[in-house]
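Here are my notes for a colleague who is new to this entry. Please keep the sequence and the model open while reading.

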Amino acid sequence: MSAAGFDEMQGPDGTRAPYALVDAWLKSLPREQLALKRREAEGLFRRIGITFAVYTEGGDPERLIPFDLIPRVLAQAEWQRLKLGLEQRVKALNAFIHDVYHNREILRAGRVPESLILNNPQFRPEMAGLDLPGHIYSHIAGIDMVRTGPDEYYVLEDNCRTPSGVSYMVENREVMLRLFPDLFRRGLVAPVAHYPDELLETLRSVPPPNCRGEPTVVLLTAGIHNSAYYEHAFLADEMGIELVEGADLLVKNDICYMRTTRGLARVDVIYRRIDDDFLDPLVFNPESMLGVPGLYFAYRAGNVNLANAIGAGIADDKAVYIHVPEMIRFYLGEQPLLSNVPTFDCRNPDELQHVLANLKDLVVKEVHGSGGYGMLVGPQATREQLAQFTALLKSRPYDYIAQPTLALSTVPTFVEQGIAPRHVDLRPFVLSGGDRIRIVPGGLTRVALREGSLVVNSSQGGGTKDTWVLEGPG
(Lines give C-alpha, C1' and ligand atoms only; values in the text may rest on other atoms or scores of the structure.)
Protein backbone atom coordinates (compact mmCIF):
# COMPACT_ATOMS: atom_id res chain seq x y z
CA MET A 1 0.00 0.00 0.00
CA SER A 2 1.48 3.30 -1.05
CA ALA A 3 1.34 6.47 0.97
CA ALA A 4 -1.22 7.71 -1.53
CA GLY A 5 -3.54 4.84 -0.60
CA PHE A 6 -4.62 1.59 -2.23
CA ASP A 7 -5.73 2.19 -5.83
CA GLU A 8 -9.00 0.29 -6.27
CA MET A 9 -8.73 0.32 -10.07
CA GLN A 10 -5.04 -0.21 -10.83
CA GLY A 11 -3.18 -3.10 -9.23
CA PRO A 12 0.51 -4.02 -9.56
CA ASP A 13 -0.35 -6.22 -12.57
CA GLY A 14 -2.63 -3.73 -14.30
CA THR A 15 -6.34 -3.01 -14.09
CA ARG A 16 -8.07 -4.99 -11.33
CA ALA A 17 -10.76 -7.36 -12.61
CA PRO A 18 -13.82 -5.52 -11.17
CA TYR A 19 -12.81 -2.38 -13.09
CA ALA A 20 -12.21 -4.02 -16.48
CA LEU A 21 -15.44 -2.66 -18.00
CA VAL A 22 -14.96 0.83 -16.55
CA ASP A 23 -11.35 0.94 -17.72
CA ALA A 24 -12.32 0.03 -21.29
CA TRP A 25 -15.18 2.54 -21.19
CA LEU A 26 -12.92 5.38 -20.04
CA LYS A 27 -10.33 4.58 -22.72
CA SER A 28 -13.03 4.75 -25.40
CA LEU A 29 -14.55 8.01 -24.14
CA PRO A 30 -12.95 11.32 -25.19
CA ARG A 31 -12.40 13.77 -22.35
CA GLU A 32 -14.64 16.32 -24.09
CA GLN A 33 -17.54 13.86 -24.10
CA LEU A 34 -17.02 13.07 -20.42
CA ALA A 35 -17.10 16.82 -19.68
CA LEU A 36 -20.32 17.14 -21.70
CA LYS A 37 -21.91 14.27 -19.78
CA ARG A 38 -20.87 15.90 -16.52
CA ARG A 39 -22.72 19.07 -17.52
CA GLU A 40 -25.75 16.95 -18.45
CA ALA A 41 -25.60 15.31 -15.02
CA GLU A 42 -25.51 18.71 -13.33
CA GLY A 43 -28.55 19.73 -15.35
CA LEU A 44 -30.42 16.60 -14.29
CA PHE A 45 -29.57 17.14 -10.65
CA ARG A 46 -30.70 20.75 -10.90
CA ARG A 47 -34.01 19.89 -12.57
CA ILE A 48 -34.74 17.07 -10.16
CA GLY A 49 -33.79 19.33 -7.25
CA ILE A 50 -31.19 17.07 -5.64
CA THR A 51 -29.68 19.45 -3.10
CA PHE A 52 -28.34 19.69 0.41
CA ALA A 53 -28.16 22.76 2.60
CA VAL A 54 -25.24 24.49 4.31
CA TYR A 55 -26.28 27.20 6.76
CA THR A 56 -22.85 28.23 8.03
CA GLU A 57 -21.30 30.02 5.05
CA GLY A 58 -23.81 32.74 4.15
CA GLY A 59 -25.48 33.23 0.79
CA ASP A 60 -27.87 30.70 -0.69
CA PRO A 61 -27.72 27.64 1.58
CA GLU A 62 -29.01 25.25 -1.11
CA ARG A 63 -26.20 23.45 -2.95
CA LEU A 64 -26.02 20.85 -5.68
CA ILE A 65 -24.01 17.99 -4.31
CA PRO A 66 -21.01 17.39 -6.65
CA PHE A 67 -21.43 14.14 -8.56
CA ASP A 68 -18.63 12.24 -10.25
CA LEU A 69 -19.44 10.21 -13.35
CA ILE A 70 -16.87 7.45 -12.85
CA PRO A 71 -18.45 4.69 -10.73
CA ARG A 72 -16.79 3.01 -7.81
CA VAL A 73 -16.86 -0.78 -8.36
CA LEU A 74 -16.93 -3.69 -5.92
CA ALA A 75 -16.77 -7.34 -6.88
CA GLN A 76 -19.54 -9.60 -5.60
CA ALA A 77 -17.12 -11.50 -3.35
CA GLU A 78 -15.88 -8.22 -1.84
CA TRP A 79 -19.44 -7.11 -1.17
CA GLN A 80 -20.48 -10.41 0.40
CA ARG A 81 -17.68 -10.13 2.96
CA LEU A 82 -18.77 -6.62 3.82
CA LYS A 83 -22.45 -7.60 3.98
CA LEU A 84 -21.84 -10.34 6.53
CA GLY A 85 -19.78 -7.98 8.68
CA LEU A 86 -22.41 -5.24 8.49
CA GLU A 87 -25.21 -7.60 9.53
CA GLN A 88 -23.14 -8.80 12.47
CA ARG A 89 -22.26 -5.28 13.59
CA VAL A 90 -25.79 -3.90 13.45
CA LYS A 91 -27.19 -6.92 15.32
CA ALA A 92 -24.71 -6.25 18.12
CA LEU A 93 -25.44 -2.51 18.16
CA ASN A 94 -29.17 -3.14 18.53
CA ALA A 95 -28.53 -5.67 21.29
CA PHE A 96 -26.31 -3.11 23.05
CA ILE A 97 -28.85 -0.29 22.87
CA HIS A 98 -31.58 -2.60 24.22
CA ASP A 99 -29.27 -3.74 27.01
CA VAL A 100 -28.30 -0.26 28.24
CA TYR A 101 -31.99 0.62 28.59
CA HIS A 102 -32.78 -2.64 30.37
CA ASN A 103 -30.51 -4.97 32.37
CA ARG A 104 -27.21 -3.23 31.53
CA GLU A 105 -25.41 -6.55 31.57
CA ILE A 106 -22.48 -5.27 29.51
CA LEU A 107 -21.95 -2.45 32.01
CA ARG A 108 -22.21 -4.73 35.04
CA ALA A 109 -19.72 -7.09 33.40
CA GLY A 110 -17.27 -4.19 33.10
CA ARG A 111 -16.94 -4.61 29.34
CA VAL A 112 -18.08 -1.03 28.66
CA PRO A 113 -17.46 1.77 31.20
CA GLU A 114 -20.70 2.66 32.99
CA SER A 115 -19.81 6.35 33.16
CA LEU A 116 -19.41 6.47 29.37
CA ILE A 117 -23.07 5.49 28.98
CA LEU A 118 -25.01 6.80 31.95
CA ASN A 119 -23.34 10.24 31.87
CA ASN A 120 -23.63 10.52 28.11
CA PRO A 121 -25.90 13.29 26.74
CA GLN A 122 -27.18 10.81 24.13
CA PHE A 123 -28.38 8.42 26.86
CA ARG A 124 -32.12 8.86 27.36
CA PRO A 125 -33.23 7.67 30.82
CA GLU A 126 -36.83 8.06 29.61
CA MET A 127 -36.29 4.88 27.56
CA ALA A 128 -35.39 2.71 30.56
CA GLY A 129 -37.48 -0.46 30.66
CA LEU A 130 -39.40 0.26 27.44
CA ASP A 131 -39.68 -2.88 25.29
CA LEU A 132 -39.68 -2.11 21.59
CA PRO A 133 -40.94 -4.37 18.77
CA GLY A 134 -38.24 -6.89 17.98
CA HIS A 135 -35.90 -5.10 20.42
CA ILE A 136 -34.85 -2.98 17.46
CA TYR A 137 -33.65 0.57 18.10
CA SER A 138 -31.73 1.42 14.96
CA HIS A 139 -33.98 0.33 12.11
CA ILE A 140 -31.93 2.37 9.62
CA ALA A 141 -28.18 2.39 10.26
CA GLY A 142 -25.49 3.97 8.10
CA ILE A 143 -22.09 2.38 8.71
CA ASP A 144 -19.17 4.44 7.38
CA MET A 145 -16.43 2.26 5.90
CA VAL A 146 -12.96 2.95 4.55
CA ARG A 147 -10.66 0.70 2.57
CA THR A 148 -6.88 0.55 2.84
CA GLY A 149 -6.00 -2.53 0.82
CA PRO A 150 -7.34 -5.36 -1.36
CA ASP A 151 -8.91 -7.10 1.65
CA GLU A 152 -8.53 -4.38 4.28
CA TYR A 153 -11.72 -2.58 5.35
CA TYR A 154 -12.32 -0.60 8.51
CA VAL A 155 -15.46 0.79 10.09
CA LEU A 156 -14.89 4.50 10.60
CA GLU A 157 -18.07 5.26 12.54
CA ASP A 158 -21.61 4.07 13.18
CA ASN A 159 -24.67 6.21 12.44
CA CYS A 160 -27.57 4.69 14.36
CA ARG A 161 -29.68 7.79 14.96
CA THR A 162 -30.73 9.48 11.70
CA PRO A 163 -28.28 8.51 8.92
CA SER A 164 -28.72 10.47 5.71
CA GLY A 165 -27.52 10.22 2.13
CA VAL A 166 -29.46 7.24 0.80
CA SER A 167 -31.39 9.44 -1.66
CA TYR A 168 -28.08 10.30 -3.33
CA MET A 169 -27.31 6.60 -3.66
CA VAL A 170 -30.59 6.03 -5.50
CA GLU A 171 -30.50 9.22 -7.59
CA ASN A 172 -26.85 8.75 -8.56
CA ARG A 173 -27.79 5.42 -10.10
CA GLU A 174 -30.80 6.92 -11.88
CA VAL A 175 -28.65 9.65 -13.42
CA MET A 176 -26.02 7.13 -14.54
CA LEU A 177 -28.70 4.94 -16.12
CA ARG A 178 -30.00 7.92 -18.09
CA LEU A 179 -26.59 9.06 -19.26
CA PHE A 180 -24.90 5.72 -19.97
CA PRO A 181 -27.57 3.04 -20.60
CA ASP A 182 -25.23 1.05 -22.84
CA LEU A 183 -22.69 0.76 -20.05
CA PHE A 184 -25.23 -0.96 -17.81
CA ARG A 185 -26.29 -3.30 -20.58
CA ARG A 186 -22.69 -4.47 -20.82
CA GLY A 187 -22.17 -4.88 -17.08
CA LEU A 188 -24.03 -6.97 -14.50
CA VAL A 189 -24.57 -4.28 -11.85
CA ALA A 190 -26.76 -5.05 -8.82
CA PRO A 191 -29.78 -2.69 -8.64
CA VAL A 192 -30.41 -0.17 -5.86
CA ALA A 193 -33.72 1.39 -6.97
CA HIS A 194 -35.67 -0.98 -4.70
CA TYR A 195 -34.28 0.64 -1.52
CA PRO A 196 -37.51 2.59 -0.78
CA ASP A 197 -39.50 -0.65 -1.08
CA GLU A 198 -37.12 -2.39 1.31
CA LEU A 199 -37.35 0.56 3.71
CA LEU A 200 -41.15 0.50 3.68
CA GLU A 201 -41.21 -3.27 4.28
CA THR A 202 -38.81 -2.77 7.19
CA LEU A 203 -41.01 -0.08 8.74
CA ARG A 204 -44.17 -2.15 8.26
CA SER A 205 -42.50 -5.12 9.94
CA VAL A 206 -42.21 -3.30 13.30
CA PRO A 207 -45.76 -2.18 14.17
CA PRO A 208 -46.40 -1.09 17.77
CA PRO A 209 -47.91 -3.69 20.12
CA ASN A 210 -51.38 -2.14 19.93
CA CYS A 211 -51.50 -1.76 16.14
CA ARG A 212 -54.77 -2.77 14.50
CA GLY A 213 -54.36 -4.29 11.06
CA GLU A 214 -51.91 -3.05 8.44
CA PRO A 215 -49.73 -0.33 10.01
CA THR A 216 -49.95 3.23 8.69
CA VAL A 217 -46.44 4.64 8.17
CA VAL A 218 -45.49 8.33 7.85
CA LEU A 219 -42.20 10.21 7.55
CA LEU A 220 -41.76 13.06 10.05
CA THR A 221 -39.60 15.95 8.84
CA ALA A 222 -38.49 19.18 10.47
CA GLY A 223 -39.53 20.99 7.28
CA ILE A 224 -38.08 22.67 4.24
CA HIS A 225 -35.25 24.35 6.14
CA ASN A 226 -33.74 21.05 7.24
CA SER A 227 -30.46 20.28 5.42
CA ALA A 228 -31.77 16.86 4.33
CA TYR A 229 -35.31 17.91 3.39
CA TYR A 230 -34.86 16.79 -0.22
CA GLU A 231 -34.17 13.28 1.05
CA HIS A 232 -37.21 13.32 3.34
CA ALA A 233 -39.51 14.31 0.46
CA PHE A 234 -37.85 11.85 -1.93
CA LEU A 235 -38.21 8.87 0.40
CA ALA A 236 -41.81 9.65 1.36
CA ASP A 237 -42.73 9.98 -2.30
CA GLU A 238 -40.93 6.77 -3.31
CA MET A 239 -42.54 4.81 -0.46
CA GLY A 240 -45.98 6.26 -1.18
CA ILE A 241 -46.45 7.50 2.38
CA GLU A 242 -47.32 10.88 3.84
CA LEU A 243 -44.57 13.41 4.56
CA VAL A 244 -45.65 15.18 7.74
CA GLU A 245 -44.43 17.90 10.06
CA GLY A 246 -45.11 18.06 13.76
CA ALA A 247 -48.16 20.27 13.27
CA ASP A 248 -49.73 17.56 11.06
CA LEU A 249 -49.81 15.11 13.98
CA LEU A 250 -51.56 15.13 17.33
CA VAL A 251 -51.91 12.78 20.27
CA LYS A 252 -55.23 12.04 21.97
CA ASN A 253 -55.57 9.46 24.74
CA ASP A 254 -52.01 8.30 24.06
CA ILE A 255 -52.82 7.54 20.41
CA CYS A 256 -51.10 9.37 17.55
CA TYR A 257 -53.22 10.73 14.72
CA MET A 258 -52.56 12.51 11.44
CA ARG A 259 -54.74 15.38 10.31
CA THR A 260 -56.23 14.70 6.88
CA THR A 261 -58.96 16.24 4.74
CA ARG A 262 -61.16 13.31 5.82
CA GLY A 263 -60.53 13.82 9.52
CA LEU A 264 -58.09 12.17 11.88
CA ALA A 265 -56.26 9.02 10.76
CA ARG A 266 -54.36 6.84 13.20
CA VAL A 267 -50.59 6.60 12.70
CA ASP A 268 -48.72 3.45 13.73
CA VAL A 269 -45.08 3.85 12.61
CA ILE A 270 -43.18 7.13 12.28
CA TYR A 271 -39.92 7.26 10.35
CA ARG A 272 -38.70 10.34 12.13
CA ARG A 273 -35.96 12.54 10.72
CA ILE A 274 -35.76 14.97 13.64
CA ASP A 275 -33.58 14.61 16.71
CA ASP A 276 -34.69 13.33 20.11
CA ASP A 277 -34.63 16.78 21.69
CA PHE A 278 -37.31 18.10 19.36
CA LEU A 279 -39.70 15.12 19.29
CA ASP A 280 -41.97 15.95 22.22
CA PRO A 281 -41.92 19.33 23.99
CA LEU A 282 -43.70 17.80 26.99
CA VAL A 283 -40.73 15.55 27.71
CA PHE A 284 -37.65 16.91 25.96
CA ASN A 285 -36.99 20.48 24.77
CA PRO A 286 -40.08 22.47 25.89
CA GLU A 287 -39.40 25.16 23.29
CA SER A 288 -39.50 22.77 20.35
CA MET A 289 -42.03 23.66 17.66
CA LEU A 290 -41.03 20.71 15.48
CA GLY A 291 -42.35 17.78 17.45
CA VAL A 292 -45.66 16.43 18.69
CA PRO A 293 -46.84 17.04 22.28
CA GLY A 294 -47.56 13.69 23.91
CA LEU A 295 -45.77 11.58 21.28
CA TYR A 296 -43.47 10.04 23.87
CA PHE A 297 -46.45 8.88 25.95
CA ALA A 298 -48.11 7.30 22.90
CA TYR A 299 -44.77 5.58 22.23
CA ARG A 300 -44.50 4.28 25.79
CA ALA A 301 -48.10 3.09 25.72
CA GLY A 302 -47.35 0.88 22.71
CA ASN A 303 -49.60 2.80 20.33
CA VAL A 304 -46.93 4.09 17.96
CA ASN A 305 -43.43 3.00 17.01
CA LEU A 306 -40.55 5.32 16.08
CA ALA A 307 -37.75 4.59 13.66
CA ASN A 308 -35.16 5.15 14.74
CA ALA A 309 -35.88 4.80 18.46
CA ILE A 310 -35.44 7.56 20.98
CA GLY A 311 -32.03 7.06 22.57
CA ALA A 312 -30.48 5.16 19.65
CA GLY A 313 -27.89 7.95 19.40
CA ILE A 314 -25.98 6.43 22.29
CA ALA A 315 -24.39 4.14 19.69
CA ASP A 316 -23.32 7.11 17.53
CA ASP A 317 -20.89 8.30 20.19
CA LYS A 318 -17.33 7.95 18.89
CA ALA A 319 -16.07 6.87 22.31
CA VAL A 320 -18.74 4.15 22.45
CA TYR A 321 -17.60 3.09 18.96
CA ILE A 322 -14.34 1.89 20.52
CA HIS A 323 -16.27 -0.88 22.28
CA VAL A 324 -18.30 -2.28 19.35
CA PRO A 325 -15.92 -5.24 18.76
CA GLU A 326 -16.43 -6.16 22.42
CA MET A 327 -20.21 -5.85 21.97
CA ILE A 328 -20.04 -8.39 19.13
CA ARG A 329 -18.15 -10.85 21.33
CA PHE A 330 -20.42 -10.18 24.34
CA TYR A 331 -23.85 -10.39 22.69
CA LEU A 332 -23.24 -12.68 19.72
CA GLY A 333 -20.35 -14.83 20.94
CA GLU A 334 -18.55 -14.18 17.66
CA GLN A 335 -15.35 -12.56 16.54
CA PRO A 336 -15.85 -9.28 14.66
CA LEU A 337 -15.80 -9.65 10.89
CA LEU A 338 -15.11 -5.95 10.37
CA SER A 339 -12.33 -4.11 12.16
CA ASN A 340 -12.48 -0.77 13.92
CA VAL A 341 -9.91 1.89 13.21
CA PRO A 342 -7.49 1.83 16.18
CA THR A 343 -8.79 4.60 18.43
CA PHE A 344 -7.42 6.51 21.40
CA ASP A 345 -9.92 7.51 24.09
CA CYS A 346 -8.77 10.90 25.36
CA ARG A 347 -10.65 10.38 28.63
CA ASN A 348 -7.86 7.96 29.51
CA PRO A 349 -4.87 10.00 30.84
CA ASP A 350 -2.25 7.70 29.29
CA GLU A 351 -3.94 7.73 25.91
CA LEU A 352 -4.37 11.50 26.11
CA GLN A 353 -0.66 11.94 26.66
CA HIS A 354 0.07 9.78 23.63
CA VAL A 355 -2.34 11.87 21.52
CA LEU A 356 -0.79 15.15 22.66
CA ALA A 357 2.69 13.87 21.91
CA ASN A 358 1.72 12.68 18.40
CA LEU A 359 -0.93 15.22 17.42
CA LYS A 360 0.60 16.04 14.06
CA ASP A 361 0.22 12.42 12.97
CA LEU A 362 -3.36 11.81 14.15
CA VAL A 363 -6.96 12.65 13.28
CA VAL A 364 -8.83 14.10 16.27
CA LYS A 365 -12.65 14.03 16.36
CA GLU A 366 -15.35 15.26 18.69
CA VAL A 367 -17.23 12.29 20.14
CA HIS A 368 -20.57 13.88 19.17
CA GLY A 369 -19.33 15.61 16.01
CA SER A 370 -20.57 15.02 12.47
CA GLY A 371 -20.30 16.39 8.96
CA GLY A 372 -16.53 16.75 9.13
CA TYR A 373 -16.79 19.61 11.63
CA GLY A 374 -14.89 19.83 14.90
CA MET A 375 -12.05 17.63 13.73
CA LEU A 376 -8.32 17.98 13.19
CA VAL A 377 -6.37 16.18 10.47
CA GLY A 378 -2.93 16.38 12.02
CA PRO A 379 -0.73 15.92 8.92
CA GLN A 380 -2.59 18.74 7.14
CA ALA A 381 -2.97 21.05 10.15
CA THR A 382 -1.29 24.41 10.63
CA ARG A 383 0.77 25.24 13.71
CA GLU A 384 -2.13 27.38 14.96
CA GLN A 385 -4.63 24.53 14.55
CA LEU A 386 -2.35 22.13 16.39
CA ALA A 387 -2.04 24.62 19.23
CA GLN A 388 -5.80 25.14 19.32
CA PHE A 389 -6.51 21.42 19.57
CA THR A 390 -3.82 20.93 22.19
CA ALA A 391 -5.68 23.42 24.36
CA LEU A 392 -9.05 21.79 23.64
CA LEU A 393 -7.76 18.33 24.47
CA LYS A 394 -6.30 19.50 27.76
CA SER A 395 -9.45 21.34 28.80
CA ARG A 396 -12.08 18.86 27.54
CA PRO A 397 -10.42 15.47 26.94
CA TYR A 398 -13.71 13.60 27.40
CA ASP A 399 -15.08 15.28 24.24
CA TYR A 400 -12.48 13.78 21.88
CA ILE A 401 -11.07 10.60 20.42
CA ALA A 402 -8.06 10.30 18.11
CA GLN A 403 -7.16 7.88 15.35
CA PRO A 404 -4.15 7.28 13.11
CA THR A 405 -4.32 8.84 9.66
CA LEU A 406 -5.31 5.99 7.38
CA ALA A 407 -4.26 5.93 3.75
CA LEU A 408 -7.81 5.76 2.37
CA SER A 409 -8.21 3.96 -0.93
CA THR A 410 -8.49 5.97 -4.12
CA VAL A 411 -10.66 5.58 -7.18
CA PRO A 412 -10.47 7.36 -10.56
CA THR A 413 -12.36 10.65 -10.50
CA PHE A 414 -13.04 13.19 -13.25
CA VAL A 415 -11.69 16.53 -12.03
CA GLU A 416 -10.74 19.74 -13.80
CA GLN A 417 -7.28 18.40 -14.65
CA GLY A 418 -8.72 15.17 -16.09
CA ILE A 419 -9.01 11.73 -14.53
CA ALA A 420 -7.11 11.49 -11.25
CA PRO A 421 -7.22 9.35 -8.08
CA ARG A 422 -9.25 10.70 -5.16
CA HIS A 423 -9.90 9.27 -1.70
CA VAL A 424 -13.29 7.71 -0.93
CA ASP A 425 -15.33 6.16 1.84
CA LEU A 426 -18.51 4.08 1.71
CA ARG A 427 -21.76 4.32 3.68
CA PRO A 428 -23.88 1.17 3.27
CA PHE A 429 -27.40 1.40 4.70
CA VAL A 430 -28.52 -1.48 6.92
CA LEU A 431 -32.26 -1.96 7.49
CA SER A 432 -33.26 -3.97 10.58
CA GLY A 433 -36.88 -5.11 10.68
CA GLY A 434 -38.98 -7.51 12.67
CA ASP A 435 -38.50 -10.19 10.02
CA ARG A 436 -34.92 -9.78 8.78
CA ILE A 437 -32.00 -7.50 7.98
CA ARG A 438 -31.96 -5.95 4.50
CA ILE A 439 -28.97 -4.32 2.81
CA VAL A 440 -29.17 -2.87 -0.69
CA PRO A 441 -25.92 -3.73 -2.54
CA GLY A 442 -23.33 -0.99 -2.29
CA GLY A 443 -24.25 2.24 -0.58
CA LEU A 444 -23.21 5.85 -0.85
CA THR A 445 -19.64 6.45 -1.97
CA ARG A 446 -18.40 9.86 -0.93
CA VAL A 447 -15.30 11.27 -2.59
CA ALA A 448 -12.85 13.96 -1.43
CA LEU A 449 -12.60 16.08 -4.57
CA ARG A 450 -9.65 18.16 -3.41
CA GLU A 451 -6.30 16.55 -4.17
CA GLY A 452 -4.84 14.86 -1.12
CA SER A 453 -7.90 15.59 1.04
CA LEU A 454 -9.27 12.87 3.30
CA VAL A 455 -12.50 14.75 4.16
CA VAL A 456 -15.34 13.41 2.03
CA ASN A 457 -18.32 15.21 3.61
CA SER A 458 -20.42 17.21 1.17
CA SER A 459 -20.50 20.12 3.62
CA GLN A 460 -16.69 20.15 3.43
CA GLY A 461 -16.33 20.09 -0.36
CA GLY A 462 -16.80 16.37 -0.99
CA GLY A 463 -18.91 14.77 -3.67
CA THR A 464 -20.57 11.44 -4.42
CA LYS A 465 -20.26 8.56 -6.88
CA ASP A 466 -22.47 5.74 -8.05
CA THR A 467 -21.43 2.53 -6.30
CA TRP A 468 -21.50 -0.63 -8.39
CA VAL A 469 -21.65 -4.12 -6.92
CA LEU A 470 -21.13 -6.62 -9.73
CA GLU A 471 -23.62 -9.48 -9.68
CA GLY A 472 -21.34 -12.07 -11.27
CA PRO A 473 -18.76 -14.16 -9.38
CA GLY A 474 -15.39 -12.72 -8.51
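Which residue in strand 19 is the bridge partner of Glu-366? The reply is in point 2, after a word on the model.

1. **Ground rules.** This is a predicted model, in which local features need pLDDT of at least 70 and side-chain atom pairs count only at pLDDT 80 or more, while totals for chains, interfaces and linings use all residues. Residues are numbered from 1 along each chain as its sequence is written, and side-chain values use heavy atoms, with hydrogens and water left out.

2. The partner of Glu-366 is Tyr-400, in strand 19. Strands here are DSSP runs of E with at least two residues, helices are runs of H or I with at least four, and both are numbered from the N terminus. Strand 17 (residues 362-366) runs antiparallel to strand 19 (residues 400-404), and five bridges join them. Two strands pair if DSSP finds at least two bridges between them. The sheet is open, with four strands in the order 16-19-17-18 and antiparallel pairing. Its edges are strand 16 (344-345) and strand 18 (375-377), each of which pairs on one side only.

3. **A hairpin.** Look next at strand 10 (residues 249-252) and strand 11 (residues 255-260). They pair in the antiparallel sense over four bridges. Leu-250 faces Tyr-257 of strand 11. Two residues lie between the strands of this hairpin, and Asn-253 has a positive phi near 55°.

4. **Domains.** The assignment gives three entries: domain 1 (7-190 + 313-336 + 418-468), domain 2 (209-303) and domain 3 (342-405). These bounds come from an automatic or database domain assignment. Between domain 1 and domain 3, the C-alpha centres are 24 Å apart. Their contact takes 23 residues from domain 1 and 16 residues from domain 3. Contact means heavy atoms within 4.5 Å.

5. **The largest core.** The largest nonpolar core has 68 residues. Such a core is a set of buried Ala, Val, Leu, Ile, Met, Phe, Trp, Tyr and Cys residues joined through side-chain atoms within 4.5 Å. Buried means under 20% relative accessible area, exposed means over 50%, and partly exposed is in between (1.4 Å probe, protein chains only). Which members touch the most others? They are Phe-96, Ile-117, Ile-143, Met-145, Leu-249, Ile-270 and Tyr-299. Helix 3 (residues 76-100) gives the most to this core, with nine residues. Domain 1 and domain 2 each supply at least three residues.

6. Beyond its neighbours within four places in sequence, Ile-117 contacts Phe-96, Val-100, Leu-107, Val-112, Phe-123, Ile-314 and Val-320. Another core, of 54 residues, lies apart from the largest one. Its members include Leu-29, Leu-69, Met-176 and Phe-180. Lys-37 lies over the face of Phe-180, at 5.6 Å from the ring centre. For this, NZ of Lys or CZ of Arg must be within 6 Å of the ring centre and within 35 degrees of the ring normal.

7. **Aromatic pairs.** The whole structure holds eleven aromatic pairs. Rings of Phe, Tyr and Trp (its six-membered ring) pair if their centres lie within 6.5 Å; planes under 30 degrees apart are stacked, over 60 edge-to-face, and the rest tilted. Tyr-195 and Phe-429 are edge-to-face, because their centres are 6.3 Å apart and their planes are at 65°. Tyr-195 is in helix 8 (residues 195-204) and Phe-429 in strand 22 (residues 429-432), 234 residues apart. Tyr-195 is buried at 1% relative accessibility, and Phe-429 is buried at 3%. Phe-330 and Tyr-331 are also edge-to-face, with centres 5.0 Å apart and planes at 90°. Phe-330 is partly exposed at 23%, as is Tyr-331 at 21%.

8. **Gly-433.** This residue sits in the loop between strand 22 and strand 23 (437-439). Is Gly-433 buried or exposed? Gly-433 is buried, because its relative accessibility is 12%. Its C-alpha atom is 7.4 Å from that of Ile-136, 297 residues away along the chain.

9. **Glu-231.** Helix 9 (residues 229-239) holds Glu-231. At 3% relative accessibility, Glu-231 is buried. Not counting residues up to four places away in sequence, Glu-231 touches several residues, among them Pro-163, Tyr-168 and Arg-273.
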